[in-house]
Amino acid sequence: MSKQIIQTKAAPAPIGPYNQAILAGNTLYVSGQIALDAQSGELINENITEETHQVMKNLEAILSEAGLGFSDVVKCSIFVKDMGNFATINEAYGMYFKENPPARETVEVARLPKDVNVEISCIATK
């Protein structure tokens, strides 16, 4: 099976030893994204809604680089610092999956990179 590294300048560069995404066969594995602005490198986290939208924009940029979109996503993993933000995150996240949303889990964690409030990864298929 072929393995292709997917990289785009429209999403933040990795902050560790990983890639933005790997395309293995027809399956794209997208690394967890946080609310970093790709151009400025600044966190977009004035509120949880804005933060979630930035995370989704970063995912969208990576999916697009691989020739995919949110309709191709089959699984998401959402990591949150405070499950009290679940409803707000869910509302923003849901705007990107209008029909047939993917499978997913949402997990509260003690801490996330750069002390963000939400991180989302996904798996998509061609």
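1. Thr-52 is buried, at a relative accessible area of 0%; buried means under 20%, exposed over 50% and partly exposed in between, with a 1.4 Å probe and protein chains only. Setting aside residues up to four places away in sequence, Thr-52 touches Ile-89, Ala-92, Tyr-93 and Val-118, where contact means heavy atoms within 4.5 Å.

2. A word on the model: it is predicted, so local features need pLDDT of at least 70 and side-chain atom pairs count only at pLDDT 80 or more, while totals for chains, interfaces and linings use all residues. Residues are numbered from 1 along each chain as its sequence is written, and side-chain values use heavy atoms, with hydrogens and water left out.

3. Now look at helix H2 (86-94). Ile-89, Ala-92 and Tyr-93 are buried there. Seen down the axis of H2, the buried residues fall within an arc of 100°, so they line one face of the helix; the arc is taken from the directions from the helix axis to the C-beta atoms. Ala-87 and Glu-91 are exposed on the other side of H2. The buried residues of H2 pack against H1, S4, S5 and S6.

4. Next comes the core. The largest nonpolar core has 29 residues, and Leu-28, Leu-63 and Ile-120 have the most contacts inside it; such a core is a set of buried Ala, Val, Leu, Ile, Met, Phe, Trp, Tyr and Cys residues joined through side-chain atoms within 4.5 Å. H1 gives the largest share of this core, seven residues. Not counting residues up to four places away in sequence, Leu-28 touches residues including Ile-6, Leu-63, Leu-68 and Cys-122.

5. Leaving aside neighbours within four places in sequence, Val-116 is in contact with Ile-34, Leu-43, Glu-51 and Lys-81. Val-116 and Pro-12 are 104 residues apart along the chain, and their C-alpha atoms are separated by 14 Å.

Notes:
Helix = DSSP H or I, 4+ residues; strand = E, 2+ residues; numbered from the N terminus.
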